[in-house]
Amino acid sequence: MLKVDSIDVFYGNIQALKGVSLEINEGEIVTFIGANGAGKSTLLKTISGLLKPKNGDILYEGQSIAGKAAQMIVKQGISHVPEGRRIFANMTVEENLELGAFLRKDKNEIQKDFEKVYHLFPRLHERRKQLAGTLSGGEQQMLAIGRALMARPRLLLLDEPSMGLAPLLVKTIFRIIEEINSSGTTILLVEQNANMALSVADRAYVIESGRVVLSGSAEELNASEQVKMAYLGGH
Amino acid sequence: MELIQQLVNGISLGSIYALIALGYTMVYGIVRLINFAHGDVFMVGAFVGFYAITGLHLGFFPALLLAMVVCALLGVFIERIAYKPLRNATRIAVLITAIGVSLLIEYGMIYARGAQPVAYPGTILPDKKIELFGVTISSQSILILCTSIVLMILLQLIVHKTKIGKAMRAVSYDAEAARLMGINVDNTISATFAIGSALAGAAGVIFGIYYIKIEPLMGIIPGLKAFVAAVLGGIGIIPGAMVGGLVLGVIESLVSGLGYSLWRDGVAFIVLILILIFRPSGLFGKNVKEKV
């Protein structure tokens, strides 16, 4: 479905990604684990069109999307839930969700997706008239995910959905991620919480200072000594 | 009664400031730029209205509409030519460019038609004196006030109910997140310039009818005062610009009414200084630290 072919991405003179390649098949949950500053968010931003790769290519359904405008990429079915949620705090929950469906014109289908999102996150329904800035951290994360789903993506990019959330909420969020996946959305998940990420993922990549250093099935990586040492807090 | 009379004058003047201030504040909200050329767009609007009325023999509303359309196009043109290439430049570079654009429009206008002032014909709107509780109000100022109010209501509807308005609010809050929604940020910025400039154009025509005399440098002082009004209300906040404009207009009129009309302009800038000292985020602003 998505194929990233040895991309290099720079911030000015600093190279954030060095020849990163990956592949995601339809229906999978693929996770990228790595420390802070390893380049995980950069990878997602490059896929969603916020950054342009200097070299290499990104193929989505066989077509190159590298360097295309972000709105074109959303239109083709890739939605990105950014790190830190980035909800529009000065607008209501409902307006945030409406913006998620910004490029769509099929009013009836949008209405159905509203219901789907409210079904997935009943909290958002309770608070739909409230300003998004008044929501708790967990609710804001739900809103960020719901907003991305309103574009009816085929591929969902999730950047650190567990960040700053209480353990119980983290579990809820990951359960919902699995639910979204089982209803047919492919997921690329970036996480520092390697334990949780590996527990839901089919396959995983480990990224260290801009390079993919390890990849394999989630079980393989879970069992790998190297990963245990570095990310799972094992001895 | 004298006081009420001044209040009425102040509200009429203030509604003009408010219309100009809206453009300042909207543009600031979305690209964090004080568009110093905005007062000159207002001037161009006044001249378009003048030529539409005297040359094309249009009535008030068609002339107003024409001025708004021309100014909207001018605003978009300025943004695309002068500001868009500097989207990632330092703020000071854009600010200096704005001052350059302002001078270019002012002296371009003088080059095109000369610096001499012209007078709006006084017969465009019916000018009856209406006596109300001992206060004389001209039918003109009522019509002008109504026009301003209708435009402001229209703006609120656009910003809150339409798709482009929601896009504008999203981009001004977080442009990158807006891009992830599929919003075309460049088009949204252009639309903001178009709407803001159209309001300035309308203000230009209204100003011409109210104050009769127009000339190529007429945009400087009202432009600066509208900027004060925008800061007074809280720059970037739309209702703030409306209230800031009205408050400033009333303050000026009261100062004139007390017999200090020479101090009128001075007082506006004293208001700016006081606001910057005591409440830099403005009447409606929240104290938000700048994002880094």
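Helices in what follows are DSSP runs of H or I of at least four residues, and strands are runs of E of at least two, both numbered from the N terminus. With that in place, just after helix 1 of chain B, Arg32(B) takes a positive phi of about 50 degrees. Before I go on, this is a predicted model, in which local features need pLDDT of at least 70 and side-chain atom pairs count only at pLDDT 80 or more, while totals for chains, interfaces and linings use all residues. Residues are numbered from 1 along each chain as its sequence is written, and chains are lettered from A, with ligands numbered from 1, in the order in which they are written.

Helix 1 of chain B itself covers residues 2-31, and its 30 residues reach 43 Å from first C-alpha to last, close to the 44 Å expected at 1.5 Å a residue, where the expected span is 1.5 Å times one less than the number of residues.

Six strands form an open sheet in the order 6-7-8-3-9-10, with mixed pairing, and two strands pair if DSSP finds at least two bridges between them. Strand 6 (78-81) and strand 10 (211-217) of chain A stand at the edges with a single partner strand each, so one side of each has no neighbour in the sheet. Within the sheet, strand 3 (residues 29-33) and strand 9 (residues 203-208) of chain A run parallel and are joined by four bridges, and Ile33(A) stands opposite Val206(A) of strand 9.

Ile65(A) lies in the loop between strand 5 (63-64) and helix 2 of chain A, and it counts as partly exposed because it has 19 C-beta neighbours inside 10 Å.

Finally, the two chains meet in a contact that takes 19 residues from chain A and 13 residues from chain B. On the side of chain A that touches chain B, helix 2 (70-75) and helix 3 (93-100) of chain A each supply at least two residues.

Definitions and conventions. Two residues are in contact if their C-beta atoms, placed from the backbone, lie within 7 Å. A residue is buried if 20 or more other C-beta atoms lie within 10 Å of its own, exposed if 12 or fewer, and partly exposed in between; C-beta atoms are placed from the backbone.
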